[in-house]
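Please read them with the structure open.

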Amino acid sequence: MNKKAYFYIDDVIWVFRDLTRKRPTSLFDNPFIKALKDSHDKYGVKTQLNVFCRTDYFYGNDEFSLDGMTDAYKSEWEDASDWLKLAFHAKQEFPDYPHVNAKYEDVKAIYEYTKNEILRFAGEKSFTTAITPHWLPMSYDAVRALYDCGVRLCNCSFGNREEYNGDPDSLPYGHALRLLNNRQPETQTFTRKTRDTAISRSICAYNHITEEQNERISHTLDTVKDDKIGMHFKRLCNSVILNLTPYDELESDFAPYLENEFVGTGTHEQYFYEDYLAYQPDYSAKIMKMGEILTNNGFEFIFADELVK
């Protein structure tokens, strides 16, 4: 079996602020990027960075936007594009579920802004279209906008759809308000299978597949193609989320997936930074360990856009 692995990092913006303000001699002198390069050099890990357009004032008023990102490292981004790529994620970290009831023109505008900025500072070879939307759910119009922008593969949720029961306490963190605001017909709820039990009850939208569809394709390189729009859907993290998994449990948690044809795994940028409220000092070690486990079990790292021909 020709086994493939995919690795991505969500919520990426702080590294661009660091690069712009600190101006290291090389892109790879930045400690976050260096950790990714080390895992590539040793285990062939390829990384997709899913990019926010700007920082969120939740963390204070130290604001930074992609249009302020230096282009001083453009040639190094381009040279590394065979193992390091960038893609759209969302405008910023908050609110949760930013695209669940989104309008076509809003998603198209923020996607094109993100793409144009990435092309400016990192070059066309560094940009990839396969996406993991922030919090996953996207409205029908949002998916349609992405398709019209050239996206052909979108991460998705899965499970049995259920109509919202009208009880705001049935969803955590005030998420019922996100479901109801500008609610679209496809916006419903489902039970999410995750280690993070606080958000086991979740919202779903258009990019959602059934339990049966997920069971059929999850361990393979296959996708589910939506007949109405033409978008391909696939759960791109079908195994371990690194920031939810203790380092000492990585081997045991990856074990059930090591005979799969496809393993997708991911993490989030914030946990790398010491001033983040949930900082994980073993962040880089987890990425290296993930690379070791998957490479030693016969996996070759790919980018998700390779799943759609």
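1. Phe64 is buried, as its relative accessible area is 8%, under the 20% limit for that class. The model is a predicted one. Phe64 sits in the loop that runs between strand S2 (47-52) and helix H3 (74-79).

2. What does Phe64 touch, leaving aside residues up to four places away in sequence? Its contacts are Ile13, Phe16, Arg17, Thr20, Arg21, Cys53, Arg54, Thr55 and Met69. For Cys53, 11 residues away along the chain, the C-alpha separation from Phe64 is 8.6 Å.

3. Salt bridges number 12 over the whole structure. One of them joins Glu300 and Lys4 through their side chains, with 2.5 Å from N to O. This pair links distant parts of the chain, since Glu300 belongs to strand S12 (residues 300-301) and Lys4 to strand S1, 296 residues apart. The two partners fall in separate accessibility classes: Glu300 is partly exposed at 42% relative accessible area, whereas Lys4 is buried at 13%.

4. A second salt bridge is formed by the side chains of Glu162 and Arg201, again given as N to O, at 2.5 Å. Glu162 is in the loop between S5 and helix H6 (175-180), and Arg201 is in strand S7 (residues 201-204), so this pair ties together parts 39 residues apart in sequence. With a relative accessibility of 36%, Glu162 is partly exposed.

5. The salt bridge between Arg144 and Asp141 has an N to O distance of 3.2 Å. Why are these two residues about one helical turn apart? Both lie in helix H5 (residues 140-148) and they are 3 residues apart. An α-helix has 3.6 residues a turn, so residues three or four places apart point the same way. Both partners are partly exposed: Arg144 has 29% relative accessibility, and Asp141 has 24%.

6. After H9 comes Gly298, which has a positive phi, near 90 degrees.

7. The largest pocket holds about 1,300 Å³ of space. Which residues of its lining lie nearest the centre? They are Arg192, Thr194, Ile241, Leu244 and His268, out of 50 lining residues. Two or more residues of the lining come from each of strand S1 (4-12), strand S5 (157-158), helix H7 (211-217) and strand S11 (262-268). By type, the lining consists of 21 nonpolar, 18 polar and 11 charged residues.

Methods
Residues are numbered from 1 along each chain as its sequence is written. This is a predicted model: local features need pLDDT of at least 70, side-chain atom pairs count only at pLDDT 80 or more; totals for chains, interfaces and linings use all residues. Side-chain values use heavy atoms; hydrogens and water are left out. On a 1 Å grid over the protein atoms alone, a cavity is a set of points where a 1.4 Å probe fits but cannot get out, and a pocket is an open set with protein on both sides within 12 Å along at least five of seven lines; lining residues have an atom within 4 Å of a point. Grid points are joined across faces, edges and corners, and a volume is the space filled by probe spheres set on the points. Helices (H or I, at least four residues) and strands (E, at least two) are DSSP runs, numbered from the N terminus. Ala, Val, Leu, Ile, Met, Phe, Trp, Tyr, Cys and Pro count as nonpolar, Asp, Glu, Lys and Arg as charged, and the others, Gly among them, as polar. A salt bridge is a side-chain nitrogen of Lys or Arg within 4 Å of a carboxyl oxygen of Asp or Glu. Buried means under 20% relative accessible area, exposed over 50%, partly exposed in between (1.4 Å probe, protein chains only). Contact means heavy atoms within 4.5 Å.
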